[in-house]
Amino acid sequence: MDEFIKLLDPSLDYISHEIIGDTIFIRVASNREEAVCPYCGHASSKRHSAYERSFQDLPVMGMKSRIIIENRKMFCTNPECGHKTFAEAFGFISPKAKKSRRLLEKIINVSLNVSSVNAADMLKDGIADVGKSTICNLLKKRYTPSRQREGHKGMH
C-alpha cells in the first residue's frame with residue numbers, strides 16, 4: 001500500500017487502512033523533515049500541532065478512496081514573515097479542498113459529454129461521491145475565463 005501512496009506524493013508514508021462499505025479509508029502521514037511557509041517561502045522544522053484532514057482521491061481496486069492525512073501545522077521561524085504558523089501543503093490538493101486534483105480532473109473528464117445528473121450517477125458507482133451542483137461548479141470554474149470570474153466577484 002505504501003507504493004500506492006508514494007504515487008500520490010513521495011513525502012507521504014502509509015500508516016493503515018480500513019474498508020467500510022464501498023470505500024477504503026487510508027491513513028497517511030508526511031515524512032518531510034521541513035515544510036515551506038506559503039507566505040514567505042522559508043523552510044521550518046518547528047512543529048506547532050497536527051490535525052486530521054480527509055479528502056477523496058481516485059478509486060483503488062474499484063473502491064472509492066478517502067485519504068486521511070495527519071496534516072502538520074508548523075511555526076514560521078522567519079522573523080520577517082507576518083504569519084506565526086502555517087499548515088503543511090501538498091501539490092496534489094488545494095488548501096481546504098475535499099478532492100485531490102487528479103480526482104477533480106477525472107470528474108471533469110467524465111462530465112464533459114453528459115449531463116451533470118448523469119455524470120454524478122456514473123461517478124457515484126465506484127469512483128467518488130459527488131453531486132450535480134459540484135460538477136456544475138467545477139465545469140464553470142474550468143471554462144470561465146479568469147478575468148470574467150474576477151469581475152463577477154465584486155458584484156456579489
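## Basis of the description

Residues are numbered from 1 along each chain as its sequence is written, and side-chain values use heavy atoms, with hydrogens and water left out. Because the model is predicted, local features need pLDDT of at least 70 and side-chain atom pairs count only at pLDDT 80 or more, while totals for chains, interfaces and linings use all residues.

## Overall architecture

The protein chain contains 5 helices and 7 strands (DSSP runs numbered from the N terminus, with helices being H or I of at least four residues and strands E of at least two). Their order along the sequence is α-β-β-β-β-β-β-β-α-α-α-α. The C-alpha trace spans about 50 × 45 × 20 Å along its principal axes.

Of the 156 residues in the protein chain, 35% are buried (under 20% relative accessible area, with exposed meaning over 50% and partly exposed in between, for a 1.4 Å probe and protein chains only). Among contacts with a separation of 6 or more, 51% are between residues 24 or more positions apart (contact means heavy atoms within 4.5 Å).

## Strand β2 and its partners

Strand β2 (residues 23-30) is largely enclosed by the rest of the structure, because 6 of its 8 residues are buried. Strand β1 (residues 12-20) pairs with β2 in the antiparallel sense over 8 bridges (two strands pair if DSSP finds at least two bridges between them). Ser16 has Arg27 in β2 as its bridge partner. The hairpin of β1 and β2 has 2 residues between the strands, and Gly21 in this hairpin takes a positive phi near 65°.

Strand β2 is also joined to strand β6 (residues 63-75), by 7 bridges, and these two strands run parallel. Here Ile26 has Ile67 in β6 as its bridge partner.

## Val60 in strand β5

Val60 lies in strand β5 and is buried, with a relative accessible area of 19%. Apart from its neighbours within four places in sequence, Val60 is in contact with Ile24 and Ser65.

## The buried side of helix α2

In helix α2, the residues Leu103, Ile107, Ile108, Val110 and Ser111 are buried. They cover an arc of only 165° around the axis, so they lie on the same side of α2; the arc is that of the directions from the helix axis to the C-beta atoms. The elements that cover these buried residues include β5, α3 (116-124) and α4 (132-143).

## Aromatic rings

The structure holds 2 aromatic pairs (rings of Phe, Tyr and Trp, its six-membered ring, with centres within 6.5 Å; planes under 30 degrees apart count as stacked, over 60 as edge-to-face and the rest as tilted). The rings of Phe55 and Phe92 have centres 5.6 Å apart and planes at 40°, so this pair is tilted. The pair links distant parts of the chain, 37 residues apart: Phe55 belongs to strand β5 (residues 47-60), and Phe92 to the loop between β7 (85-87) and α2 (101-111). Both Phe55 and Phe92 are buried. Ring pairs link Phe55, Phe90 and Phe92 into a cluster.

The charged end of Lys46 sits over the ring of Phe75, 5.2 Å from its centre (NZ of Lys or CZ of Arg within 6 Å of the ring centre and within 35 degrees of the ring normal).
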